[in-house]
Amino acid sequence: MKIAVAGASGRMGRMLVEAIQNADDAVLAGALGVPDAPELGTDAAAFLGQPANVLIESDLAKGLAGADYLIDFTRPEGTLKHLEYCAAHGIKMVIGTTGFDEAGKAAIAAAGKKTAIVFAPNMSVGVNVTMKLLELAAKSFSHGYDIEIIEAHHRHKVDAPSGTALMMGEVIANAQGRKLDDVAVYAREGVTGERDPSSIGFAAIRGGDIVGDHTVLFAGIGERIEITHKSSSRVTYAHGSLRAARFLRDKSSGLFDMQDVLGLR
Ligand SMILES: NC(=O)C1=CN([C@@H]2O[C@H](COP(=O)(O)OP(=O)(O)OC[C@H]3O[C@@H](n4cnc5c(N)ncnc54)[C@H](OP(=O)(O)O)[C@@H]3O)[C@@H](O)[C@H]2O)C=CC1
Ligand SMILES: O=C(O)C1=N[C@H](C(=O)O)C[C@H](O)C1
């Protein structure tokens, strides 16, 4: 697989470059950076002390010239620009970026008619299996249990709640025949009144170097159940992304997620 990495000097970008360099079925075929990035024009694998002979480019035509796949963990505005280019040139995409609005999500769905895309807010196997546990729990705890989703991430994260927390909320709401938009409570402050029993609450903690923790609390009378996933390294997202790229090998179009990749649907 000839894979390019967007945001190549970011936290996930570097993790992906290293994972591709270590994979025996993938080669690093391109690297993208923002125009004013200090790393622009330098070797994408220089930080490993093992150059890949791939320079970080801001020009999409140059950065993607030799690539069949683009793995993108950047920002919504960057991903949407890359998406347009990849859809026009038949480059498959693995999109891990979070924080899209509805228009952004619709653009990704439309691009899936032209090229093959895996789009998921969390590429780890553990989180995606946790989604299935949540589906089961949500059906059993649909009455009498208050549902709260608590997530914690590093101090540099720019979006809240995390894409994973939002997906957890959607999985739970869908399993209970509800719509997350109708029941989500994203903030509480001051005299809020008693908790609406139909609500799904969210709380976001930011600090230090926390890679990514998610807990769903089902709080009933006399008991509470907590389902927790903790990432201790970003390598789990990088390995999941390579798994997603392999899944796309025999696809020329379509929009998929990690539930498809892992056969969990
Ligand atoms: N799906 C999953 O499994 C996971 C998803 N994520 C998501 O991935 C994204 C990136 O996370 P992380 O690596 O921690 O973030 P970083 O900020 O470390 O990296 C982002 C990279 O994207 C670049 N970038 C920023 N803006 C643009 C733009 N407009 N166009 C192109 N490139 C841009 C940055 O360049 P510069 O630094 O020069 O601005 C940087 O290289 C986030 O949305 C995060 O939530 C993260 C981990 C797992
Ligand atoms: O920004 C991060 O770091 C992460 N973002 C993803 C999200 O928003 O869910 C996935 C993971 O939790 C790490």
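Me: How is the chain divided?
Reply: Into domain 1 (2–119 + 234–261) and domain 2 (125–231). Those bounds come from an automatic or database domain assignment. Residues are numbered from 1 along each chain as its sequence is written, chains are lettered from A and ligands numbered from 1 in the order in which they are written. As this is a predicted model, local features need pLDDT of at least 70 and side-chain atom pairs count only at pLDDT 80 or more, while totals for chains, interfaces and linings use all residues.

Me: What separates the domain centres?
Reply: 29 Å, taken over C-alpha atoms. The contact takes seven residues from domain 1 and eight residues from domain 2. Contact means C-beta atoms, placed from the backbone, within 7 Å.

Me: New topic. How many residues surround ligand 1?
Reply: 23, and the closest are Gly7, Gly10, Met12, Gly78 and Gly96. Near means a C-beta atom, placed from the backbone, within 6 Å.

Me: Which elements give two or more residues to that shell?
Reply: Helix H1 (11–22) and helix H3 (76–89). H1 gives the largest share, three residues. Helices (H or I, at least four residues) and strands (E, at least two) are DSSP runs, numbered from the N terminus.

Me: And the sheet, what order do the strands take?
Reply: S3-S2-S1-S4-S5-S6-S12, seven strands in an open, parallel sheet. Strands pair if DSSP finds at least two bridges between them.

Me: Why do S3 and S12 each have one side without a neighbour?
Reply: Strand S3 (56–57) and strand S12 (254–256) stand at the edges, so each has a single partner strand.

Methods: Two residues are in contact if their C-beta atoms, placed from the backbone, lie within 7 Å.
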